[in-house]
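Here's a quick look at the aromatic side chains in this one.

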Amino acid sequence: MPAAAAGASISAACPTALKTPRLLYRAILWAAHREEELRRWFSANVNVEVHAYGEPGGGPEVRRYCVVNNTYEPQDTTVYRGDGSAFGLRLDANEIRWFDV
């Protein structure tokens, strides 16, 4: 099966395109037997993403992260940091909020 067709079948199984990356992420963690890492740099709301960035020059330690609302509506979520701790957050439509670690 061509790669494009395989991607289309995964997307067709999901009600929205926003859920596809989450499904893939969960599948990768499951396949690697690392499901306990799911709630690290993670959002409980499928419409909100968490992006963690390391040291300049490619170091492994996370220095900053941002939380991104991918919708045109305000969103509430629980944000999980890299250590598993969490906090509640409300984002305006299309808001990106940056945090230092």
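## A charge over a ring

The charged end of Arg39 sits over the ring of Tyr80, 5.8 Å from the ring centre. That label applies when NZ of Lys or CZ of Arg is within 6 Å of the ring centre and within 35 degrees of the ring normal.

## What the numbers rest on

The model is predicted, so local features need pLDDT of at least 70 and side-chain atom pairs count only at pLDDT 80 or more, while totals for chains, interfaces and linings use all residues. Residues are numbered from 1 along each chain as its sequence is written, and side-chain values use heavy atoms, with hydrogens and water left out.

## Ring pairs

Rings of Phe, Tyr and Trp (its six-membered ring) pair if their centres lie within 6.5 Å; planes under 30 degrees apart are stacked, over 60 edge-to-face, and the rest tilted. How many aromatic pairs does this rule give? It gives five.

One is Trp41 with Tyr65: the centres are 4.9 Å apart and the planes at 55°, so this pair is tilted. Trp41 is in the loop between helix H2 (19–31) and strand S1 (42–43), and Tyr65 is in strand S3 (residues 59–69), 24 residues apart. (Helices, H or I of at least four residues, and strands, E of at least two, are DSSP runs numbered from the N terminus.) Trp41 is partly exposed at 23% relative accessible area, while Tyr65 is buried at 4%. Buried means under 20%, exposed over 50%, and partly exposed in between (1.4 Å probe, protein chains only).

Phe42 belongs to strand S1 and Tyr80 to strand S4 (residues 75–80), so the pair ties together parts 38 residues apart in sequence. Phe42 is buried at 7%, and Tyr80 is buried at 17%.

Finally, Trp41, Tyr65, Phe87 and Phe99 form one aromatic cluster.
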